[in-house]
Amino acid sequence: MPELASYAAHPAATRGRRHAEPAPQGRNDFQRDRDRIIHSTAFRRLEYKTQVFVNHEGDLFRTRLTHSLEVAQIARGIARNLALHEDLVEAIALAHDLGHTPFGHAGQDALNQCMKKFGGFEHNLQSLRVVDFLEQRYAEFDGLNLTYETREGILKHCSLQNARELGEVGERFLRKQQPSLEAQVTNLADEIAYNNHDVDDGLRSGLISLQQLTEVEIFARHLAQVQQKYPELKGRRLVHETVRRMINFLVVDLCQQSSENIAKVKPHSIEDIRNSPALIGFSEAVRQQQHELKRFLRSELYQHYRVNRMSAKAERIVRELFAVFIDDTGLMPDEFQQRAQTDKSRAVADYIAGMTDRYAIREYRRLFAIEEQPL
Ligand code: MG
């Protein structure tokens, strides 16, 4: 690994784990976090969870697993450029979506709605819950017992009310401080990844067209570059050549602008970073172009009537599962029944949030279908 900046996160100077453990051998603490995340149950389930398209609609669309890998790849590239800790951004990237419900945004909104009276449901907070409590793998503690720095990065947003209950990792929201640059990088790598792969998946699904995308400046400009260089190019290769240029353009802009921001503030330590404004960011012009692309995706893809139909179905499944389990916790597996004795609604939310798309669909059939179903 190239030399780290003094304001990067250093594993040797970690704020530590919730339960003290001997230092790892042959790897640093952030590598250990990453390894624990990859071996977790929640990580394996990402393969069968989706963002926009429901899992059974096709094998070519991104799942949360491939999304998380793309985020890790983009984030590592940026981190290396800025002399930040690559292992930490990788750990945060691989864990950042662990708390997502089945069926992407639709599932999360529905579960949040169901949990409104009980403190709500936030997927970032749920990701932290997964690594702090819900994974059961170790003899001496619940969760994965990750370092403070990885947990800080996972908790991207959080309501003030929840922040108050979280202790150390929630404090920055109350004090209006920033997380490490590694956390900031991963957050924007997430944005670069999903905007671009949603363009790709959107085109592949046929829900949006190249023609429509030429109204979006950032896409149109890179498409024109490709067409100028390869006038005969068509189909998937034309799309890929355009998307890869967009990703590269965004990464280069982010690295340049962030380097300038850092140079201006002259931080010396990670504590300086936490007390400065956010330093990782796009230039203003590019931020606006990204924003335009996001607006386009929201109106043309995420609210496409065919996506709305999937979302409506997904919401119904989540709502009805929630209602039936709240009404009778005896219908949940033993582990969740037990947890329901101390906090019923949170146990139901944990059970539903942990489901993959296909598990939720099967569970719905098992509970509601009139025809005979294997139990
Ligand atoms: Mg994400």
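This tour visits a metal site, a helix and a helix pair in a predicted model.

Local features require pLDDT of at least 70 and side-chain atom pairs pLDDT 80 or more, whereas totals for chains, interfaces and linings use all residues. Residues are numbered from 1 along each chain as its sequence is written, and side-chain values use heavy atoms, without hydrogens and water.

**Magnesium site.** Select the magnesium ion together with H67, H96 and D190. Its protein donors (N, O and S atoms within 2.8 Å of the metal, or 3.2 Å for Na, K and Ca; water is not among the atoms, so sites may look incomplete) are H67 (NE2), H96 (NE2) and D190 (OD), at 2.1 to 2.4 Å. Along the chain the donors are spaced H-x28-H-x93-D. H96 belongs to the loop between α4 (86-95) and α5 (104-114) and D190 to helix α10 (residues 181-205), so the pair ties together parts 94 residues apart in sequence. Helices are DSSP runs of H or I with at least four residues, numbered from the N terminus. H96 and D190 are both buried (under 20% relative accessible area, 1.4 Å probe, protein chains only).

**Helix α19.** Next, select residues 357-368. Buried here are D357, A360, I361 and E363.

**α13 and α15.** Finally, display residues 235-265 and 284-302. In contact (heavy atoms within 4.5 Å) are F249, L250 and D253 of α13 with V286, Q289 and Q290 of α15.

Notes: Helix = DSSP H or I, 4+ residues; strand = E, 2+ residues; numbered from the N terminus. Buried < 20%, exposed > 50% of the residue type's maximum accessible area, 1.4 Å probe, protein only. Expected span 1.5 Å × (residues − 1). Axes fitted to C-alpha atoms, helices over the stretch in contact; angles between N-to-C directions.
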